[in-house]
Amino acid sequence: MSTVSVHSLWTTLAADTPPGGGLKFQAPTIEYAQLSPILIIVGAAVLAVLVEAFVPRKGRYYAQLFLSVVAIAAAFAAIVGLAASGFGTTKAHIAAMGAIAVDGPALFLQGTILLASLVAVFTFAERKLDPEAHGNRVDSFAADAAAVPGSDAEKAAVKAGFTTTEVFPLALFAIAGLLAFPAANDLLTLFIALEVFSLPLYLLCAVARRKRLMSQEAAVKYFLLGAFSSAFLLFGIALIYGYAGSVSYAKIADVVDGTTQQISPALAGTMGNDALLLIGMALILMGLLFKVGAVPFHMWTPDVYQGAPTPVTGFMAAATKVAAFGALLRLLYVVLPGLTWDWRPVMWGVAIVTMLGGAIVAITQTDIKRLLAYSSIAHGGFILAGVIAATPDGISSVLFYLLAYSFVTIGAFAVVTLVRDAGGEATHLSKWAGLGRRSPLVAAVFAVFLLAFAGIPLTSGFAGKFAVFKAAAEGGAGVLVVVGVLSSAVAAFFYIRVIVLMFFSEPKADGPTVAVPSVLTTTAIGVGVAVTLVLGVAPQYFLDLANQAGIFVR
Amino acid sequence: MNPVNYLYLASLLFTIGAAGVLIRRNAIVVFMCVELMLNACNLALVTFSRMHGNLDGQIIAFFTMVVAAAEVVVGLAIIVSLFRSRHSASVDDASLMKL
């Protein structure tokens, strides 16, 4: 028997056209150029893992910092290139076989996330704030995160001058997920992107150099609650898939609107089942509102913001909020316009309790990081008011608000890293008394950020709040605007209180010192102040940009 | 057998998992309950996939398994580091930052 005939006993020649037709495998088309921002960051993250494995310990910090900064800058350049060639407006479309949308809101938010991440990476890399340990300059991250706090292993790691340079690849993976999150155009991509940015953030929370027990506690809380909420999100996805027979946003929207063309018998059975749709959507919104930190899903926010290393807190507070609101906007505006009458009352309630809850509970806080955490909850409520508008202005005002808010947040947390005493950062508010007398510049900068949070005119906070409330009022949510202004007034009270504390009380003898940062943190704070003032004084260009970017592709 | 029964089972498993997360105090058990919730989601996805006659749901189930595996890696790392520094994995003991 020849070889061929032996083979023919258990094989058959592949036919060019399979019998039955239509089963032929079609290779997916991937638009690499349009996905390049995400791909650059993922590639850099993988490279950074290799750097961690192969570059000698001494050179790792510089290699990682260089790689991260170059990757983020390159990804931002790619975003600008895509926007300049019209993908934000006329050429907006859906790439990667329906998985990723390349449109105005996606590009705008991705650009915001990348700029915020760049500034955050600068604060990650700061090594001049802590006193040198055994002649080695140290950053905010543990020498050896695996060593038990206070153990001999930890002391040996500190003595040897180890640093956790793994924070850079972790941050890059998180950024990749954050970029994909607001662009996700089907529920599977939404879920995967959520996990890709959440898992590195859980780890980043756990690796603080000082107050390690608190840091680990924050990570456990964030992880357990985050996993809990993503399980709800996934069950919601399962129910929506059951309802619509697809996870693609456009197809779900067609089924919700009742304009779908091909109705299979199974679909005819499930698409009449509103329980699947409503419960599924409620569960998905729950998962997204958790990431946004909206009341009543905010319980993790203060603890995690307080316990996490402060540079990570700034990154998380800014970038996660941007990405999560982007995903929320896309879901509500692309998938659920047919359901507006159902989700609006619910979101009204959430927005009202978020604005009031965040502002009122913040008054009682005595720790500056917790105070900023509750302030971020209140801001989540203000942004929700813009989301609820359900008009094109609603989209663009939310985009603008997120841009303004993210830089103020990172800047404010960067200032928090500067005020230090023997135990690390002095976060208790009583220690900030008289800071304005001792170091007027730092206190003045922090005051600018607080005024922006409060929404005082000539800061970006005012322009953002004005845009959001205007959109909400025009969208028929006047009551929300009233509640929003009232809770802004409440919030202004505790922001101003901190300013008064800094400038009009006597500094204590054993008060904290203000560390002199390197050029990295100075840049971060400087960019924060510059963006805050520019967006406050001349917001028109950026409002126009957000307006142009405010159309979702479907 | 009517596939809807599997949906009831999935909902039941999900509810048991969610109740476990809220009731149990050991971080590892809480985490296992989350895994139970994810597997309940998988069952629901596969059932819907069968009902609709397309493969989307089964593919999502694969992704979910990968995510669950990644979550185990990260979660156990965090929980073990907490356990080693406190000699307790109880979520009630982790209360340094209570209001």
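Residues are numbered from 1 along each chain as its sequence is written, and chains are lettered from A in the order in which they are written. Because the model is predicted, local features need pLDDT of at least 70 and side-chain atom pairs count only at pLDDT 80 or more, while totals for chains, interfaces and linings use all residues.

Start where the chains meet. Two residues are in contact if their C-beta atoms, placed from the backbone, lie within 7 Å.

Now go inside. The largest nonpolar core has 247 residues. Such a core is a set of buried Ala, Val, Leu, Ile, Met, Phe, Trp, Tyr and Cys residues joined through C-beta atoms within 7 Å. A residue is buried if 20 or more other C-beta atoms lie within 10 Å of its own, exposed if 12 or fewer, and partly exposed in between. The residues with the most contacts inside the core include Ile41(A) and Leu172(A). Helix H8 (residues 212–244) of chain A provides the largest share of this core, 21 residues. Leaving aside neighbours within four places in sequence, Leu172(A) is in contact with Ile41(A), Ala44(A), Ala45(A), Ala48(A), Ser68(A) and Ala71(A).

Ala63(A) sits in helix H3 (residues 57–84) of chain A. Why does Ala63(A) count as partly exposed? Because it has 19 C-beta neighbours inside 10 Å. Beyond four places in sequence, Ala63(A) is in contact with Val51(A) and Val55(A).

Next, look at a pair of helices. The axes of helix H4 (residues 104–124) and helix H21 (residues 519–537) of chain A come within 7 Å and cross at roughly 145°. Axes are lines fitted to C-alpha atoms, for helices over the stretch in contact, and angles run from 0 to 180 degrees between N-to-C directions. In H4(A), Val119(A), Phe122(A) and Thr123(A) meet residues of H21(A), among them Leu520(A) and Val527(A). The residues of this contact divide into five nonpolar, three polar and no charged.

Finally, check the backbone. The peptide bond from Val295(A) to Pro296(A) is cis, with omega near 5°. Pro296(A) lies in the loop between helix H11 (274–292) and helix H12 (300–307) of chain A. Met97(A) is not a glycine, yet it has a positive phi of about 55°. Met97(A) is in the loop between strand S1 (93–95) and strand S2 (100–102) of chain A. With 14 C-beta neighbours inside 10 Å, Met97(A) is partly exposed. Ala390(A), not a glycine either, has a positive phi of about 55°. The loop between helix H15 (368–388) and helix H16 (392–418) of chain A holds Ala390(A). Ala390(A) is buried, because 22 other C-beta atoms lie within 10 Å.

Definitions and conventions
Helices (H or I, at least four residues) and strands (E, at least two) are DSSP runs, numbered from the N terminus. Ala, Val, Leu, Ile, Met, Phe, Trp, Tyr, Cys and Pro count as nonpolar, Asp, Glu, Lys and Arg as charged, and the others, Gly among them, as polar.
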